[in-house]
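Have a look at the model first, then try each task before reading its solution.

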Amino acid sequence: MRNQENPVKLESVDRALQLLVLLREGEVLSVKSAGERLGVAPSTAHRLLGTLVARDFATQDRERRYRAGSQLVPQGESRFSVNQLRQVARPALQKLYGDVADTVQLMVLAGSHVRFIDGIESEAALHVKARMGDLMPAYCSAGGKAILAELSNVELEQLYRGGLTPWPTARVHTLPALKRQLAAVRKTGYAVNTEETEQGVSGLGVCIRDATGKPMAAFTTAIPTARYQKGKVPDHVKALREAASATEAELLTGASEPH
């Protein structure tokens with residue numbers, strides 16, 4: 001006689017998988033909202049989210065909301081975790097900050113979003129606050145566009161099969177428009193964000209590739225639009241490229257080291 005599955009255990013697994021899908025798509029969940037999405041009590045949602053945090057599938061931000069954890073951040077074939085990437089890239093990020101004298105950040109792709117994993121905030125009176133752990137649609141961010149430009153059209157179509165995630169200050173709203181923008185990024189080798197992530201903020205982004213040549217992260221600048229000078233773009237792009245190259249060299253060295 002065939003053993004019957006335990007419906008209680010299957011239901012628990014199904015709920016956890018539903019949460020994983022929501023987090024993977026960039027949802028930010030409170031215990032209450034997770035419970036409402038699943039149709040369960042907050043205590044049940046809290047236990048499920050706690051389990052995902054323990055396994056690095058979720059993380060809590062400063063407001064105790066749950067976001068996608070490091071296990072949900074695509075790393076391709078790279079053997080570097082988000083924490084390792086942060087450590088490897090930190091010296092280059094610090095030099096980049098010294099070169100541009102403004103807020104600089106490090107981000108990775110998380111589904112169709114980017115997650116900010118490190119940053120150094122400018123000390124200028126008028127500056128952009130560095131983000132940590134925040135998510136936003138990749139197609140709005142300079143760093144996100146720099147990473148997306150490394151993907152093929154097939155990969156982009158798969159990533160955005162449900163359409164572009166709405167964003168208040170977005171300047172593109174369809175996949176064809178995004179593809180045209182990314183084609184320009186491929187030609188120049190860097191991406192631009194002109195008040196697309198939020199009003200009053202502009203910046204540049206350059207992709208960081210792993211030892212296999214696959215995109216894994218990006219460095220960006222974040223500058224108040226009131227102080228953003230087009231004449232400084234070449235110098236900032238040069239600094240971004242140098243930071244990316246230095247990080248890629250460190251990643252290559254790490255990948256070639258014997259296990």
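**Exercise 1.** What share of the contacts in the protein with a separation of 6 or more do residues 24 or more positions apart account for?

*Solution.* Start with the ground rules: this is a predicted model, where local features need pLDDT of at least 70, side-chain atom pairs count only at pLDDT 80 or more, and totals for chains, interfaces and linings use all residues. Residues are numbered from 1 along each chain as its sequence is written, and side-chain values use heavy atoms, with hydrogens and water left out. Counting contacts (heavy atoms within 4.5 Å), the share is 61%.

**Exercise 2.** Work out whether K145 is buried or exposed, and find its side-chain partner.

*Solution.* First, locate K145 in helix α5, residues 142–148. Next, check its relative accessible area: at 2%, K145 is buried (buried means under 20%, exposed over 50%, partly exposed in between, with a 1.4 Å probe and protein chains only). Finally, look at the side chain, which makes a polar contact with the side chain of E196 at 3.0 Å. A polar contact here is a pair of N or O atoms within 3.5 Å, one able to donate a hydrogen and the other to accept it.

**Exercise 3.** Which residue forms a salt bridge with K95?

*Solution.* Apply the criterion: a side-chain nitrogen of Lys or Arg within 4 Å of a carboxyl oxygen of Asp or Glu. The partner is E242, with the closest N and O atoms 3.8 Å apart. K95 lies in helix α4 and E242 in helix α8, so the pair ties together parts 147 residues apart in sequence.

Notes
Helix = DSSP H or I, 4+ residues; strand = E, 2+ residues; numbered from the N terminus.
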